[in-house]
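Dear colleague,

Here is the structure I said I would pass on. My notes on it follow below.

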Amino acid sequence: MKKKTHCRVQTDSDSVPASPRCGHSVAEIKLSFLDNLLCAMGRMPRAATCNDSYTALALTVRDRVLKQGVKTMEVYAEQDVRIVAYLSAEFLPGPHLANNLLNLGLTKNTLQAMEELELNLSVLLEQEEEPGLGNGGLGRLASCYLDSLSTLGIPAVGYGIRYEFGIFDQTIQDGWQVEITDKWLRYGNPWEIVRPEIAYNVKFGGSTQRVTDSQGRDSVHWHPQSVVKGVAYDTPILGYRVGTCNYLRLWKAEAVESFDFAAFNYGDYYRAVESKMHSENITKVLYPNDEAIQGKTLRLQQQFFFVTCSLQDMMRVHTLMKRPMRTFHEKWAIQLNDTHPSLAVAELMRLLVDVHRMAWDHAWEVTRRTFAYTNHTLLPEALERWPIALLGELLPRHLEIIYEINRHFLDEVRLAFPGDEARVARMSLVDESGERSIRMAHLATVGSHCVNGVARLHSELLRETVMHDFYQMWPGKFINITNGVTPRRFLAASNPSLAELISSRIGDGWHCDLYQLRKLEPLADDAEFQQAWRKVKIAAKRDLAGLIEQRTNIVVNPDSLFDILVKRLHEYKRQHLCVLHILTLYLRLKRDPQAKVPARTFIFGGKAAPGYTMAKLIIKLIHSVAEIVNHDPEIAGRLKVVFFPDFNVKNAQHIYPAADLSEQISTAGKEASGTGNMKFAMNGALTIGTLDGANVEIREEVGEENFFLFGLTAPEVAERKAHGYQPYGLYQNNVALKEVLDFISSGALAGGDRSLFRPLVDNLLYKDPYLLLADYQDYVECQERVSKLWDKPQEWTRASILNVARTGKFSSDRSISDYCEHVWHVKPLIVD
């Protein structure tokens, strides 16, 4: 049968018979698809567009997922279980269709069903819009965890925000990043279910009033200036080959009254819909630029909006189950994913004390036993603080509650450390230096029974640095749970050829027990298996090469070493260190065309925050280097440089399988964990990296000999800075480094404009806050070791196989099991 590249349905007749909605056979899938096309889309097959066909297929799969969702909710209602509520301002679920087909075990039957309708399943999968509900690793981690919670049968719900416009789409114009609105909902979202009857009022502004009731009890009434409504939108999250289907519940802001008839009748058409526009702004866009006061206000509104809706929702369920509020902590385990949801601590206190009239001490005990907090960063600028003036204006009652929490807490501190007022000032929830503000990481720590870092090194540094005072006070509160990623999406779904090869040799039990990949170790030296492994890898590289040509018009050689660095643009992630290495090789080849430099394709990807000037300049530098390297006839076939635009989950699923070398080169002590490093290793890439984040544990697991290590350690970085780091001296004393930086400064990459990259070069020469120059020489020498191993295909393939075989620890299933045992104290519940 010839390959199908179209999306139009071909049938013998346009009469569509009634179809079962939950069957798994090829015939039942076809009938259900046609039924949805007709009844849900209002389309006859001959008129269906590609999006019509995708949507009909998505609804067909959703029917089968929802069947399990209803069963799951019935079981939860019948059982007296504790439910995990995962609160995150970001979720990056990625495309749903392929993942749900995999989890249902319907991929092959659906492929056949679409073929019989003369549809191309791959084209339909590419039609799906990716929900852009996060910036990067934080949101992707949250989605991996929801996948594992369902797969492990843990009663859970994810809570977040339904951003109308997600993280921007990235385009490149003349080498510069240009942000385009992410209209991910433009064609609708077939996976979500709106629940208009599940809606809660959210108050902002106004004032508070202390009153005494007839029984002499004091209470506080909050008289808000404005009220908006949060409406629930549910997305089912099905586990892999199990009955459990949990939900991701996202909140959309709406006006309590969306249309003012009085204003309309008066002729004031703008004021008639003004309330609707202002209310809906809260969930309009992911993370507004918060440099201006309007951006800060909107971001604070977003954070409070989703935590109060989520807590009110939990209390509704708690009440429906006829449970008293004093048992709230027994039935709900709430995980705060970073500081963005930390206002939940103050809001739960408000709801318990002001609404449910619980005594303060009892409410605080319930609150502390309910929450746990995951810290994701050691960067001071990423630890949120809210100006007291803004918090008091927007959430006056919560500021009062935070002050009261702080008063009680500082009494504890003084009791534990008498006379140490400097410690009291450091630990206070209120930062009195400069503009007075509330330290949200402190609030989350004080209001939680457990605080975890996300990699062993990160947790150690957390205890030794930013949370050292808290660790000394509560050493038992701090633990480590190393991050993980779901192998279902990032190996089975995104790299089906490799997954099939693995399963053909060791079975498919690794989908739910990634430690079973250890069974591959005896095959690492098997010549036949190595050949099959290389065949799968080269096929993935050819697929990516085709996509690169389609997106960038750059032709790359699949036989070259694919050296890949894809992640959010930030100076500490050091994409520009990789650029310095590219220019080192380029200038070496210009001096000596016979130099032994194996063919390499350097592939970058990632988005820079719109207001992050230096990160955007690094993107421009990458493109400028690509322009000169890719068009130099003396270098043809030796080096290629590509920037893959608009890096997201969907694109990542093409990139990870094709990588030979994974660049994880952040400054030691700056990356909390990283998860891209795990995804690359899981797909057979070798890692070049520093001892930062989860790199430390990946190296331990895969073996030192299968990991290219370079760079200063975290203690060495701290020591260099403490003794007055002088990067200019390194520049003067390293011939190759000086040549590269002088080349950038010369204007050769900018058409003679010596000023374009001057801010970047000057920053490296006179500040170098992330120690690129200190690590440069070791990095270049480590890359030489990479080249030498690449020239030994059997040894490289052996290391690639062992990397995959030893990634069992980095499954999100293991991470969630750790949370269940050490933090949430919940057990699986079987759903048939």
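In what sense do strand β17 (residues 561–566) and β18 pair, and over how many bridges? The two strands run in the parallel sense, and 6 bridges join them; strands count as paired if DSSP finds at least two bridges between them. I564 stands opposite I603 in β18.

Before the rest, some ground rules. This is a predicted model, in which local features need pLDDT of at least 70 and side-chain atom pairs count only at pLDDT 80 or more, while totals for chains, interfaces and linings use all residues. Residues are numbered from 1 along each chain as its sequence is written, and side-chain values use heavy atoms, with hydrogens and water left out. Helices (H or I, at least four residues) and strands (E, at least two) are DSSP runs, numbered from the N terminus.

Strand β18 (residues 600–605) is largely enclosed by the rest of the structure, because 6 of its 6 residues are buried (under 20% relative accessible area, with a 1.4 Å probe and protein chains only). R600, F602 and F604 cover one side, and T601, I603 and G605 the other. In a regular strand the side chains alternate between the two faces of the sheet.

Next, the cavities. A cavity is a set of points on a 1 Å grid over the protein atoms alone where a 1.4 Å probe fits but cannot get out; lining residues have an atom within 4 Å of a point. Grid points are joined across faces, edges and corners, and a volume is the space filled by probe spheres set on the points. The structure holds 6 cavities of 30 Å³ or more.

The largest cavity has a volume of about 170 Å³. It is lined by 15 residues, of which P93, H96, N99, I237 and R489 are the closest to its centre. Helix α6 (137–151) gives the most to this lining, 4 residues.

The second largest cavity holds about 110 Å³. Of its 14 lining residues, Y54, E129, G188, N189 and P190 are the closest to the centre. Helix α2 (residues 50–78) supplies the largest share of that lining, 3 residues.

Last, helix α33 (residues 812–824). At its start, a side-chain oxygen of S811 comes within 3.0 Å of the backbone nitrogen of D813. Just after α33, H825 takes a positive phi of about 55°.

Regards

Note on methods:
Polar contact = N/O pair within 3.5 Å; in protein donor to acceptor, adjacent residues only side chain to side chain. 1 Å grid on protein atoms, 1.4 Å probe; cavity = no way out; pocket = protein on both sides within 12 Å on 5 of 7 lines; lining within 4 Å. Buried < 20%, exposed > 50% of the residue type's maximum accessible area, 1.4 Å probe, protein only.
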